[in-house]
Amino acid sequence: TQAEATGPTRQQVAAAGAMSETDRTAMIRGMVEGLAARLKDNGRDVQGWLRLARAYMVLSEPDKARAARDDARKALAADDVQLRQLNDGLKELGL
């Protein structure tokens, strides 16, 4: 949905600012895992795949970023326009 695509709410951002680094990292990982699960159910979201790959790169998990790239390419293989958008975004991420 549109709400999922926009990211965390102001309240979530404020709460994250008050958390310890460990808790904040756990919250971020939970959000990333939620995005990954959503994309497994509906892989037609180019921007979602790019957010997931970027998140894995930020979390210093390049293997997971590459796996997300591969999963995204499979999910979008039938749509040339979305696949091109994906590949353009992946280039910007160095993937």
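The model is predicted, so local features require pLDDT of at least 70 and side-chain atom pairs count only at pLDDT 80 or more, while totals for chains, interfaces and linings use all residues. Residues are numbered from 1 along each chain as its sequence is written, and side-chain values use heavy atoms, with hydrogens and water left out.

**Stop 1: salt bridges**

Begin with the charged side chains. A salt bridge here is a side-chain nitrogen of Lys or Arg within 4 Å of a carboxyl oxygen of Asp or Glu. The count by this rule is 8.

Select D79 and R44. Their salt bridge has its closest N and O atoms 3.2 Å apart. D79 is in the loop between helix 5 (62-75) and helix 6 (80-92), and R44 is in the loop between helix 3 (21-41) and helix 4 (46-58), so the pair ties together parts that are 35 residues apart in sequence. Helices are DSSP runs (H or I, at least four residues), numbered from the N terminus.

Now colour by relative accessible area (buried under 20%, exposed over 50%, partly exposed in between; 1.4 Å probe, protein chains only). D79 is partly exposed at 21%, and R44 is partly exposed at 41%.

Next, select D45 and R51, a salt bridge whose closest N and O atoms are 3.9 Å apart. D45 is buried, with a relative accessible area of 19%, whereas R51 is partly exposed at 26%.

Then select E61 and K64, whose side chains form a salt bridge at 3.8 Å, N to O. E61 is buried at 17% relative accessibility, and K64 is partly exposed at 44%.

**Stop 2: helix 4 against helix 5**

Show helix 4 and helix 5 together. They pack at an angle of about 170°, with their axes 7 Å apart; axes are lines fitted to C-alpha atoms over the stretch in contact, and angles run from 0 to 180 degrees between N-to-C directions. That angle makes helix 4 roughly antiparallel to helix 5, a label given to angles over 145 degrees. The crossing of the two helices is left-handed, meaning that the near helix is turned anticlockwise from the far one by less than a right angle.

Contact means heavy atoms within 4.5 Å. These residues divide into 10 nonpolar, no polar and 2 charged. In this scheme Ala, Val, Leu, Ile, Met, Phe, Trp, Tyr, Cys and Pro are nonpolar, Asp, Glu, Lys and Arg are charged, and the others, Gly among them, are polar.

**Stop 3**

Centre on L52 in helix 4. L52 is buried, at 3% relative accessibility. Leaving aside neighbours within four places in sequence, L52 is in contact with V32, L35, A36, L39 and A68. For a distance check, draw a line from L52 to V81: the two lie 29 residues apart along the chain, and their C-alpha atoms are separated by 19 Å.

Finally, move to G48, also in helix 4. G48 is buried, at 0% relative accessibility. Not counting residues up to four places away in sequence, G48 touches L35 and L39. From G48 to Q12, the C-alpha to C-alpha distance is 19 Å, across 36 residues in sequence.

Technical notes:
Angles under 35 degrees count as roughly parallel, over 145 as roughly antiparallel, 65 to 115 as roughly perpendicular and the rest as oblique.
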